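Student: I would like to learn how to read a model like this one. Where do we start?

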Amino acid sequence: MKRLKSMERPYKGQMQQRCHIIQEYNLVPSTQILFKIKHTDVPLSYYTGILGMAGMTAYAGFFEVGSPKKGENVFISAAAGAVGQLVGQFAKLTGCYVVGSAGSKEKVDLLKNKFGFDEAFNYKEELDVNATLKGYFPEGIDIYFENVGGKTLDAVLLNMRVHGRIPVCGMISQYNLTQLDGVTNLANLIFKRVKMEGLLVNDFYHLYPKFLDFVLPHIREGKVLYVEDIAEGLENGPAALVGLFSGRNVGKQVLVVARE
Ligand SMILES: NC(=O)c1ccc[n+]([C@@H]2O[C@H](COP(=O)([O-])OP(=O)(O)OC[C@H]3O[C@@H](n4cnc5c(N)ncnc54)[C@H](OP(=O)(O)O)[C@@H]3O)[C@@H](O)[C@H]2O)c1
Ligand SMILES: *[C@@H]1O[C@H](CO)[C@@H](O)[C@H](O)[C@H]1NC(C)=O
Ligand SMILES: *[C@@H]1O[C@H](CO)[C@@H](O)[C@H](O)[C@H]1NC(C)=O
């Protein structure tokens, strides 16, 4: 059997190397990564997002790695995306003050008016993200849910609070760069005793049943919402994938191959 090499290290960047792999068989090494759907009353597409990898990533990254407490200050980048929109809603359910950044006015409106973030801003319009964060977090950030890396991370490091946590979920701003951005403010980790910890969702699927118990009632009661951006047809897959890097997607990018 052939194995899909990229499955072993999906976040190492160099996405373009993956596109020419043609595959007939795949050896699934663990039932924890692929599992059979016990479909209930929610839309089937949710299993690609909120009830799949994105949901597990948000849940594990925020609750397991972030260790949130009621009343804490939470900042989320790529906040309108597949993972970010959920982290923000989980943080509000926990009783946190929540601010998100995203790349358009439409997304900022969505964060504030649909997902219940306390504040949100368009990072593309901010010349000085450090100053912007000082404005939203005069007392500092307890949890930064990291999705983008680069300049945003550097500005956040100036604004962390003592004993803050940074779950490092992704660094999408760096994936397609040949010259990576430097991060200059890491010494703040020392002064502020901040814990910065990377996570891979694959390590957390043992929590999937617990996650379903938590999230399904919230979905049914309308307390957790999920926005999907649906592209139709396999031929539109490549453009949808590349669109993630320019923020073309609003919410979870889903590709419909065929309808039932
Ligand atoms: N560790 C894990 O196990 C794990 C699992 C799943 C996902 N991830 C990571 O989590 C992050 C979010 O994934 P997702 O699936 O939820 O994607 P997503 O947020 O739905 O889509 C990516 C978004 O990133 C933003 N973006 C793209 N280029 C950017 C840049 N240069 N600077 C700032 N923002 C940029 C865009 O939104 P804007 O319009 O706001 O710019 C885009 O919509 C990614 O970094 C991904 O690699 C990690
Ligand atoms: C960050 O912003 C604050 C408040 O505006 C300012 O006092 C501080 O000097 C800034 N730090 C850097 C490194 O720009
Ligand atoms: C990635 O970088 C290459 C080389 O600089 C560029 O040609 C390509 O358009 C970039 N792709 C995306 C999705 O930004």
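Tutor: With a definition. Helices and strands here are DSSP runs, numbered from the N terminus; a helix needs at least four residues and a strand at least two. Keep in mind that this is a predicted model.

Student: What helix and strand content does the span of residues 44-63 have?

Tutor: Residues 44-63 are 55% helix and 0% strand. The end C-alpha atoms of that span lie 25 Å apart. UniProt, in an unreviewed entry, lists residues 44-63 as "transmembrane region".

Student: Which residues does UniProt list for the "domain: Alcohol dehydrogenase-like C-terminal"?

Tutor: Residues 82-215, again from an unreviewed entry. Over residues 82-215 the chain is 35% helix and 21% strand. The end C-alpha atoms of residues 82-215 are 15 Å apart.

Student: Now the ligands. Which residues come nearest to ligand 1?

Tutor: The general idea: a residue is near a molecule if one of its heavy atoms lies within 4 Å of it. Ligand 1 has 27 residues around it, and K107, Y123, Y175, L199 and N249 come nearest. By class, that shell holds 17 nonpolar, nine polar and one charged residues.

Student: Which backbone atoms lie 2.8 Å from ligand 1, and from which of its atoms?

Tutor: A polar backbone atom of V83 is 2.8 Å from an oxygen atom of ligand 1. A polar backbone atom of L199 is 2.8 Å from a nitrogen atom of ligand 1. C169 also takes part: one of its backbone N or O atoms lies 3.0 Å from a nitrogen atom of ligand 1. On its own, ligand 1 has 910 Å² of accessible area, and the protein covers 89% of that.

Student: Which residues surround ligand 2?

Tutor: N130, K134 and L158. A polar side-chain atom of N130 lies 2.4 Å from an oxygen atom of ligand 2. The protein covers 37% of the 360 Å² of accessible area that ligand 2 has on its own.

Student: And which residues surround ligand 3?

Tutor: Ligand 3 has N176, V242 and F245 around it. An N or O atom in the side chain of N176 is 2.6 Å from an oxygen atom of ligand 3. Of the 360 Å² of accessible area that ligand 3 has on its own, the protein covers 34%.

Student: Next, helix faces. Which residues of α3 are buried, and which are exposed?

Tutor: Start with the general idea. An α-helix has 3.6 residues a turn, so residues three or four places apart point the same way. Now the case: helix α3 spans residues 105-113, and K107, V108, L110 and L111 are buried in it. Seen down the axis of α3, the buried residues fall within an arc of 160 degrees, so they line one face of the helix. On the other side of α3, K105, E106 and N113 are exposed. K107 is also among the residues that come nearest to ligand 1.

Student: What about backbone angles? Which phi value does S67 have?

Tutor: Most residues other than glycine have a negative phi. S67 is not a glycine, yet its phi is positive, near 45 degrees. S67 sits in the loop between α1 (53-65) and β1 (73-76). At 37% relative accessibility, S67 is partly exposed.

Student: Where is A78, and what is its phi?

Tutor: A78 lies in the loop between β1 and α2 (84-93). Its phi is positive as well, about 45 degrees, although A78 is not a glycine. A78 has a relative accessible area of 31%, so it counts as partly exposed.

Student: Is Q253 buried or exposed?

Tutor: The cut-off for buried is under 20% relative accessible area. Q253 has 17%, so it is buried. Q253 is in strand β8, residues 252-256. A polar atom of the Q253 side chain lies 3.1 Å from the backbone oxygen of D229.

Student: Is Y59 buried or exposed, and what of K36?

Tutor: Y59, in helix α1, is buried at 6% relative accessibility. K36 is found in the segment before α1. K36 is exposed, at 78% relative accessibility. K36 and V215 are 179 residues apart along the chain, and their C-alpha atoms are separated by 18 Å.

Conventions: Residues numbered from 1 in each chain as written. Chains lettered and ligands numbered in written order. Predicted model: local features only at pLDDT ≥ 70, side-chain atom pairs only at ≥ 80, totals over all residues. Heavy atoms only, no water. Polar contact = N/O pair within 3.5 Å; in protein donor to acceptor, adjacent residues only side chain to side chain. Areas by Shrake-Rupley, 256 points an atom, 1.4 Å probe, with all protein chains shown as cover. UniProt positions renumbered as here; feature names shortened; annotations may be inferred. Nonpolar A, V, L, I, M, F, W, Y, C, P; charged D, E, K, R; others polar. Buried < 20%, exposed > 50% of the residue type's maximum accessible area, 1.4 Å probe, protein only. Arc of directions from axis to C-beta.
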